[in-house]
Every structure is written in structure tokens, then in C-alpha cells.
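Visitor: Could you walk me through this one, feature by feature? I'd like the general idea first and then the case at hand.

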Amino acid sequence: MNNSALIHITDLVKTFPMGKREFTALKDINLSFSAGEFSGIVGPSGSGKTTLLNIIGTLDVPTKGDARVIGRSVSDLNSKDAADLRNKHLGFIFQTYNLLQVYTVFENVELPLLLLKIPSEKRREMVLQSLEWVGLTDKIKSRPAQLSGGECQRVSIARAMVKSPQIVLADEPTANLDAKNSHTILQTMENLNRELNTTFIFATHDEKVIQYLRRKISLEDGQVVRDETIKG
Amino acid sequence: MIKFLLNGLLRDRQRSFFPILIVAIGVWITVFFHAYIQGVFGDLIDSTARFSTGHVKVMSRAYSENADQKPNDLALMDVKKITADLRQQYPDMTWVKRIQFGGLLDIPDEKGETRSQGPVFGMGVDLLSSDSREIEILNIEKSVVNGRMPQTPGEILISDQLAQKLGVSLGESATLLTSTMYGSMTMHNFTVVGTVRFGMTVMDRGAIIADISDVQYALDMDDACGEILGFFENRIYDDEKAAVIVNRFNTDYLEVEDEFAPVMGKLIELSNLSDYLKMGENFSGILIIIFVLIMSIVLWNVGLLGGLRRYGEVGLRLAIGEHKGHVYRSMIYESVLVGVAGSIIGTALGLGSAYWLQVYGFDISGLMKNINMMFPAVLRAEITQETYYVGFVPGLMSTVLGTALSGIGIYKRQTAQLFKELET
């Protein structure tokens, strides 16, 4: 066991009931992720990428085995503890951005900080810093409907990064973006990874994302078939 | 966080404007109907008290058993003494003597032959005493539409409708044909000095109002009358207070074995209104319960639709680490705000429309031509203290209950599905 790992997965199995039978989504997964990784879980649809991301994100629990995230076993967390862990240490980036339409860019990014009960002045400072990372300080008063897809995803990244989480989980973050916007987004995330030493874990089958990864974990039928370091 | 949620609430019309509109309309209807029911039942009690039963009424035992027929042959005797005793025992109350009778009113021509004739319902009340309260109780002076109040014995008022039907003019003679207390036929001449309209179909169809002394003389009822009515000083019926007075009075005469001995009854027993009054009291409660149920179902659906629309938002909030309980509570707080805002607006609208109905009323005399109840021809609402807050109960309960029901989905939601859900 790698003691410095942020995430440590041991003999993980995840099954789902399918009528009278069981469907095994993940089997015998053994993985570790360290601080500052820029990794991707890649594979075709149905290979188990999102299920693995769910477990790492404390949104689901393993059927067998163990997944420890920032020193806490996911299986041992109750709903409230899991929410606290997500709130303090994890950031999420979604394929469809999931920005709240009635709020401004500033307010969307501010939301995670409100849950952390950070004082107003400090909050403002952190939101502006986060928007500066993604180059959107000129759009703080805009609503999501007034932004392009690429800008929306940058807001989503700013929202995930604003509380400086140790881990950011991104599920197909470029699926709704064109090539140019995808590269902009990925470069932004890569820069943040290098500057802030934040661990990024992607679930993707998009080649544009894969070419940015420094570690590629290939899943097939719920099993890790390759775990390779692509570049230094 | 509160400011954040409040901003979202104010900006999202489907979370604020439409639910507030629905609640406001529901509360408006509740407040208006509450005031309307209060008004209708209040008018009914008031009219019955003023024209028929008083708040309490003394009759002879025999008279009370056939009170519907106004049997003056069974009237109370020695009423000066009874009235004096009542005034002494209950000085805070107003006690008035009345004789109700039926008969024919004959209008003669210049030769003394019958020109027109019709059945009448008569009331002998104290019109001429300087300390009489009857003019005020029956609101007679304001009900005079033509002519003037009787000022000397032998002068009467008749209903305006009857005057037109009989073709009688002011100052003309009218002969009352009826029977005396002892059963013999009697005729008595009066002078019509005014016509009245009470706004009550029974009275307006064919009533004559004469001074009680004239009626006592005509009906041979010296020191006798059919009924002695008692009114509370504030003119508001109090059933508990009335019951105490009735019990005390009747206990005094319990040992007397005389069918002409006085007996007292209270308004709701004498008028058979008790069931109506209980119904009136319950009706508001039933209305509120029905409203809460209907509005809860409506708001539950609004909440469900809103919940579906906000599925992404709630999912995101759960995903980034907000506790389910916090999300649920924030939705309940929102619903309280919506409920309060809707209730204030609805109450204001309800009070406004109830005030209009209280002041101007709704004339239903056209629908009551053949009605024999002491029922006002103009329906009015009555705004009471309760009217100001009655709408808040259903307004708040329905929004909170609706949101609580629709929000249960938050607890049932599997966080494991959030990524998948948020990808679609």
C-alpha cells in the first residue's frame, strides 16, 4: 500500500442487481492515485468508468473490497460524512456543466464556498481568483444562458476549483465541446494541476482528453486492462 | 446561503411568482367566503333576534307551545309586573313587549265601502313612549320610505309593497279586521302615516306596524301581550349568557302549575337556528380543511414539477457536498416565504372584496319572493378579527405540506445515480 496515496483502491468489486441476477460493473480493481496526478480512466461505454468515479467521489460504495479517499474508507462513511468529504476535498466537473441558470457566474462559483461557511470578503476573493484561473473575470455578472459552451465549462471548472480541493473528478468534460474549446479547457485544467498540485481524474473516451493525460487507466468490462504512464 | 437562496427564489418566477399566485388566490377565496359566511349567519341571527325572538323571549307556557301560530288567546297576562321584574333583575338588558297578530286590512272608499283588502301580518310595538328602544331595535325610522313615523295613537305604518298593492295613500284610513284575545271579531280604524321597507321579504310583503297600546286596545289585551323580548345591551347574541338568564328565570317559575305562567327561551332554541349556527361555525373549518387538502395537492404537484425542473440544481448541490437535510430544509424555508407572501396578498384581496360586500351587499330579494324565513334580502359579508388571520392557516399549511411531500424525493434519491443523472 502506498501511504502517500490520496486514493487507494484495494480488491474493489461493484455489482448491481439486474432482475434475479447480478451485473458486475467493476471487479478486482486495485489502484492508487497520488497528489498532483493528471489521470484518466478510459474505456468504451459500459466499461465501468462512471461507476469507479462515483465510488471515488463518495457517491457510491463498493460491494466488496475497499476504497480509501483522503484516508477515509468510502464504505464506512454515512451520508453526512460523505457529503462533508465531498464538500471539503472533492471537486466535480460534469459533461453538461450543471450551472444554475438563475444565478450569475459569480454566484455559481460561490456556491461551494457558501456551504463551507466562508466569510463574505474571503469568499469574494476566492471566487475572483478562481475565475481568473479560467479567464472569466469579465463575465462575473453574466448568466449561464449568456455564455458559450466553452465558457460554461470554464465556469464549471472554476466552481470545482474555488475551494482548492485535493481531487477533481471530471466525467466526460469535453463531450459537449468542439475541438478548440476542448483544448482550451484541457489546457486550463492542466495548468491548474501543475500550479496547484490538484489531482485530476477523468472518465473519458475522448481522444482529445487522452492526449493530455499523464496516466491512462484502461477499463474493459469492469477490469483494469492497462495502467500506463504516458508522459512525465 | 439565505441571501443566495432568496436571490434564486426571487429570480425564478416558477419558484416564487406562480406558487405565490396560487396561494394568494386560494387564500383570497378562503378569506372572502369566511367573511361571507360570518356575514350571512350574523345577519340571520340579527334579523331573527330583532324581528322575532330577541336574544331571549318570555311567553306563556301555552303560547310557547304554539308560538308559530301567534295564539294571542294564550298571551301573557299581568305583563307590567313581569316587565318591571325583568328590568329590575336584569337592568343591563333591554326588555320590550310585542304583540304579533294576523288579520285583514280593509281600505274603504269615500262612501265607506271596501276599495281594496288584503291579509296582513301585524306587529304591535312601543312606538310612542319617550324611552322606547323599539324604533332603534327594529330600525323603523330608517326603514320609512314614504311619510313619517306614527306620532299619536291610531297611526300606523304599513309595508311599501302592501301599500302599492292595496293602493293606499298616506293619510288614508285603513280598517284592521282581526280577533280579540277572547276570540271575538274586532274592527279597528287606523290612519296610514308612512310606508316602510325592511329589506326582509316576509316583512316587506305585508306588514303593518302599530303602537302596542293601540293593538292592546283593538285586541282587548289590557296588560297582556304575546311576547316580551330581551336584548343584550351590545346587541350581540351570547348563547352562554342567554342560557344562564333563561335557566335562572325558568327556575323561579318551576313550581308554578299554570299554563299561563311565563317561560323564557333563548334565540337559538326558539328559532331552531342551533343547527344552522353549528353548521356556520363548522363551515369555515370545513372550508379551510378542504382548501388545505386541495391546495396541498396542487402545491404538491407544483412542488413535484418544480422539483423535476430543479432536479439538476438539487443533484448538483448534493454532489458538491450539501447535506440532504439542508437541501430539504431550504426548500421548506422557501415554502414558508412563499406561503407568507401568498397569504398576505390573498388576505388583502379577501379583505378588500369582503369589505365591498360588507358595505354594498348583494341584493337577492328577487330570489326570495315566496320565502317565509326572517332572512335578509341583501347578503352582506362581515369582517371579524378572525378574518384577518384565517387565510394564513391554509396558506402556510398547504405550501409547507405540499413542499414537504414533494421534497421527500430528495431523501429517496440515490446519490449513486447523480453522475448519470447530471450527465443527461
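Guide: Let's begin inside a helix: Arg50(B) and Asp46(B) are 4 residues apart in helix 2 (residues 17-53) of chain B, which means about one helical turn separates them. Helices here are DSSP runs of H or I with at least four residues, strands are E runs of at least two, and both are numbered from the N terminus. The side chains of Arg50(B) and Asp46(B) meet in a salt bridge, at 3.2 Å from N to O. That term means a side-chain nitrogen of Lys or Arg within 4 Å of a carboxyl oxygen of Asp or Glu.

Visitor: What should I know about the model and its numbering?

Guide: The model is predicted, so local features need pLDDT of at least 70 and side-chain atom pairs count only at pLDDT 80 or more, while totals for chains, interfaces and linings use all residues. Residues are numbered from 1 along each chain as its sequence is written, chains are lettered from A and ligands numbered from 1 in the order in which they are written, and side-chain values use heavy atoms, with hydrogens and water left out.

Visitor: Is Arg50(B) buried or exposed?

Guide: Buried means under 20% relative accessible area, exposed means over 50%, and partly exposed is in between (1.4 Å probe, protein chains only). Arg50(B) counts as buried at 18%, and Asp46(B) as partly exposed at 32%.

Visitor: Which parts does the salt bridge between Asp239(B) and Lys266(B) tie together?

Guide: These two side chains meet at 3.3 Å, N to O. Asp239(B) lies in helix 10 (residues 239-252) of chain B and Lys266(B) in strand 12 (residues 262-266) of chain B, so the pair ties together parts 27 residues apart in sequence. Asp239(B) is partly exposed, with a relative accessible area of 29%, while Lys266(B) is buried at 11%. Salt bridges can also share partners: Arg15(B), Glu313(B), Arg317(B), Glu322(B) and Glu334(B) are joined that way into one network.

Visitor: Why might a helix have a buried face?

Guide: An α-helix has 3.6 residues a turn, so residues three or four places apart point the same way. In helix 4 (residues 120-133) of chain A, the buried residues are Arg123(A), Met126(A), Val127(A), Ser130(A) and Leu131(A). Seen down the axis, they fall within an arc of 130°, so they line one face of the helix; the arc is taken over directions from the axis to the C-beta atoms. They pack against helix 3 (105-115) and helix 5 (149-161) of chain A. On the other side, Glu121(A), Glu125(A) and Glu132(A) are exposed.

Notes: Expected span 1.5 Å × (residues − 1). Contact = heavy atoms within 4.5 Å.
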